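The structure is shown first.

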Amino acid sequence: MNEPEHKMGIKGSDTRQIFFNDVKVPVENLLSERGNGFKIAVNILNIGRIKLGIAAIGGSKEVLNNAIRYSNERKQFKTAISQFGAIKHKLAEMALKIYASETASYRAGQNIDDLIEDFKGQGMEDGQAKLKALEQFAIECAIMKVHGSEVLDYVVDEGVQVYGGMGYSADAPMDRSYRDARINRIFEGTNEINRMLVVDMMLKRAMKGELDLMGPAMAVAKEIMSIPDFGSDEEEGLFIAEKKVLKNLKKAALMVSGAAVQKFMMTLSNEQEILMNVADMAIEVYVAESVLLRVEKLIGIKGEEAVALQKQMALVYLHEAVEKVNNAGRAAITSFAEGDELRGMLMGLKRFTKIDPMNLKDARRQIADAMIAENKYIF
Ligand SMILES: Cc1cc2nc3c(=O)[nH]c(=O)nc-3n(C[C@H](O)[C@H](O)[C@H](O)COP(=O)(O)OP(=O)(O)OC[C@H]3O[C@@H](n4cnc5c(N)ncnc54)[C@H](O)[C@@H]3O)c2cc1C
């Protein structure tokens, strides 16, 4: 065994190299049948990934709580810095990213639990049921690992900024948070590897016939050649417009991934930049949809007034997701399409990333003001 490594953060957790030479493992200690180890190890990664995402959200809440408290205490120009719009913007952004990531993790976690129970109901043994359920939600686990760790990094970075010069001091809490957070984008598979996994697993499922990607992708390709559907104003219900936006974001992701698959076929894995773009689109669609569904459910339970701020968070998140999907889509399309095809796809992307404007500044202020008044993260 080597000496502990000197690390940037998580110093409470020892990291050292250990070596196994000619180790004999008693047969009764085998976790499963011989030769099954790799499968178990890979599935452990799935559970590790969703748990990492959730742990990152827990850490993010702690950091945001510190930032809110500090911004209420720290005065500049005879005013608590929490009263400045630039700080409110930061606090609201931290909160809504946390809320969105936590929501998507709840969704994936519940789906996994439900499937485990389903499998067990069909007579499957507990361990096997867990393994199978996690395998089916491996894409969501990778999504939550990437999203949660990047929300945490965003939150600690802005946390340092809210603390100003004190944020850079090793005597204040942000120093440790900033250093501890950084590992999360690296372990349990780096975020680059997880992004590639998201796309790779989707394509493999499509090839196995478990997921129909090319059908909808071709329908979208046909749609961009036709006259836009402006929809009817007659539909009633909650989030009608937002659900249409989400549907279009999915079309944007399908359009880009379908065209990339057609263009590169078996060599797509060499186009990692495009894989990253497609993964970003998938991640944003999943998270934005999750948060909208959660708020819709909450409105049904508690009424719109009781969850007005959560609604604002869902709407602001959706606007941000639209922008990210547009940016990622544009980066992908411009890297492989040319001429008429490029123009057509850019037009399609524009059509699929349309959203009615709203006053995002006011929405963020409402979210921040509520937390500032309570001196903590309240969602
Ligand atoms: C503190 C700490 C604790 C850890 N704990 C554990 C543990 O408990 N169990 C465990 O099994 N492991 C553990 N690890 C290992 C960790 O999972 C790896 O460090 C991590 O998966 C990255 O692998 P690597 O360090 O070999 O980086 P590399 O693979 O060398 O990656 C370097 C860079 O290259 C990129 N890269 C690598 N391959 C590709 C590719 N094919 N395409 C594109 N980009 C690529 C990466 O994304 C990264 O940006 C721990 C690591 C640390 C630092």
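## Salt bridges

The count of salt bridges comes to 27, a salt bridge being a side-chain nitrogen of Lys or Arg within 4 Å of a carboxyl oxygen of Asp or Glu. The model is a predicted one, in which local features need pLDDT of at least 70, side-chain atom pairs count only at pLDDT 80 or more, and totals for chains, interfaces and linings use all residues. Residues are numbered from 1 along each chain as its sequence is written, and side-chain values use heavy atoms, with hydrogens and water left out.

One of the salt bridges joins K97 to E93, with 2.5 Å between the closest N and O atoms. Both residues lie in helix 2, 4 residues apart, or about one turn of the helix. Helices are DSSP runs (H or I, at least four residues), numbered from the N terminus. K97 is buried because its relative accessible area is 11%, and E93 is buried at 4%; buried means under 20% relative accessible area, exposed over 50%, and partly exposed in between (1.4 Å probe, protein chains only).

## Bridges between distant parts of the chain

R195 and E150 meet through their side chains in a salt bridge of 2.8 Å, N to O. This pair links distant parts of the chain, with R195 in helix 6 (residues 191-208) and E150 in helix 4, 45 residues apart. R195 counts as buried at 11% relative accessibility, whereas E150 is partly exposed at 28%.

R185 forms a salt bridge with D153, and here the closest N and O atoms are 2.7 Å apart. This pair also links distant parts of the chain: R185 is in the loop between helix 5 (173-181) and helix 6, D153 is in helix 4, and 32 residues lie from one to the other. R185 is partly exposed, with 29% relative accessibility, and D153 is buried, with 13%.

Not counting residues up to four places away in sequence, E320 touches E93, L96, K97 and R364, where contact means heavy atoms within 4.5 Å.

## The two domains

The chain is divided into domain 1 (27-189) and domain 2 (211-374); these bounds come from an automatic or database domain assignment. The contact takes 28 residues from domain 1 and 24 residues from domain 2. Taken over C-alpha atoms, the centres of the two domains are 22 Å apart. The size of an interface is often given as the accessible area lost when the parts come together. Between domain 1 and domain 2 the buried area is about 2300 Å², of which carbon and sulfur atoms give 70%; buried area is the accessible area (1.4 Å probe) that two parts lose on being put together, summed over both. In domain 1, L96, Y99 and R107 lose the most area to domain 2, together 29% of what that side buries.

There are 5 salt bridges between domain 1 and domain 2. R294 forms a salt bridge with E102, with 4.0 Å between the closest N and O atoms. On the side of domain 1 that touches domain 2, the elements that give two or more residues are helix 1 (37-73), helix 2 (85-121) and helix 4 (138-163). Helix 2 gives the most, with 18 residues. The residues of that side divide into 14 nonpolar, 8 polar and 6 charged. In this division Ala, Val, Leu, Ile, Met, Phe, Trp, Tyr, Cys and Pro count as nonpolar, Asp, Glu, Lys and Arg as charged, and the others, Gly among them, as polar.

## L246 and its contacts

L246 is in helix 8 (residues 240-264) and counts as buried, at 5% relative accessibility. Leaving aside neighbours within four places in sequence, L246 is in contact with V285, A288, E289, L292 and L318. The C-alpha atoms of L246 and F352 are separated by 9.0 Å, and the two residues are 106 residues apart along the chain.

## Positive phi values

Most residues other than glycine have a negative phi. I10, which is not a glycine, has a positive phi near 30°. I10 lies in the segment before helix 1 and is partly exposed, with a relative accessible area of 25%.

N375 is not a glycine either and has a positive phi of about 65°. N375 is found in the segment after helix 12 (360-374). With a relative accessible area of 30%, N375 is partly exposed.
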